[in-house]
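Hello,

Here is the structure I promised to pass on. Please open it alongside this email; my notes follow below.

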Amino acid sequence: MINVRYNILIYLVQLGKWRKMITDIGLGFITIILSLAVVIVAWAILSVPVYISARVLTMGKIRFTTAMLASLIAPLLYAVIVIGSLLLIDKIGIVSILLALIVAPIAWLWVYKRMFNTGWLRALGITVLSFILFIVFAWMVSLILGTILPDVPMPNPTPIPLHNI
């Protein structure tokens with residue numbers, strides 16, 4: 001396994017080989033740029049509920065860029081903690097997953113607490129309100145798209161089992 005990683009690293013380091021690798025797997029420069037643009041736009045759109053909830057709960061003391069930064073750092077820190085717990089599962093067992101279930105949400109709240117200069121309770125409020133706002137916005141967008149594009153089949157997002165009976 002180490003030999004394979006070493007060979008891939010050598011392949012990527014060699015001058016000009018990265019371009020060949022990108023074209024070999026079918027990714028062109030335009031595709032990469034468009035993918036980055038989609039990620040940035042999605043990040044900005046997903047930051048709107050965080051911004052609105054933080055603005056409401058902090059009495060308007062934050063900027064949109066702060067909300068964007070918080071909505072970037074919090075999930076990244078969450079992911080690092082969860083991945084770290086999965087890497088530790090061999091060493092400390094299931095305790096690592098239980099620890100991640102406790103530490104990761106606290107880390108998310110800590111990021112909101114630090115970024116928005118609030119207390120723990122207000123950070124929890126920002127998290128809950130932004131989740132609710134995201135659900136409402138997603139529902140409104142699905143209604144609008146369902147009205148504009150009535151013939152396009154939309155998946156049924158209802159997680160209720162046996163809801164058709």
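**Around Ser96**

Leaving aside its neighbours within four places in sequence, Ser96 is in contact with Ser85, Leu88 and Ile89. Bear in mind that this is a predicted model.

Where does Ser96 sit? It is found in helix H6, which covers residues 95-116. Is Ser96 buried or exposed? Its relative accessibility is 2%, and buried means under 20%, so Ser96 counts as buried. The Ser96 side chain also reaches out to Ser85: it comes to 2.9 Å from the backbone oxygen of that residue.

**H4 against H6**

Next, the helix pair. Two packed helices are described by the angle between their axes and the distance between the axes. Helix H4 spans residues 64-87, and its axis comes within 9 Å of the axis of H6. The two axes cross at roughly 165°. Angles over 145 degrees count as roughly antiparallel, so H4 is roughly antiparallel to H6. The crossing of the two helices, H4 and H6, is right-handed.

Which residue classes make up the contact of H4 with H6? There are 22 nonpolar residues and 3 polar ones. No charged residues take part in the contact of H4 with H6.

**Val136**

One more residue to look at. Val136 lies in helix H7, residues 120-148. Its relative accessible area is 36%, so Val136 is partly exposed. Now find Pro49. Val136 and Pro49 are 87 residues apart in sequence. In space, their C-alpha atoms are 9.7 Å apart.

Over to you.

How values were computed
Residues numbered from 1 in each chain as written. Predicted model: local features only at pLDDT ≥ 70, side-chain atom pairs only at ≥ 80, totals over all residues. Heavy atoms only, no water. Helix = DSSP H or I, 4+ residues; strand = E, 2+ residues; numbered from the N terminus. Buried < 20%, exposed > 50% of the residue type's maximum accessible area, 1.4 Å probe, protein only. Polar contact = N/O pair within 3.5 Å; in protein donor to acceptor, adjacent residues only side chain to side chain. Contact = heavy atoms within 4.5 Å. Axes fitted to C-alpha atoms, helices over the stretch in contact; angles between N-to-C directions. Parallel < 35°, antiparallel > 145°, perpendicular 65-115°, else oblique. Left-handed = near helix turned anticlockwise from the far one by under 90°. Nonpolar A, V, L, I, M, F, W, Y, C, P; charged D, E, K, R; others polar.
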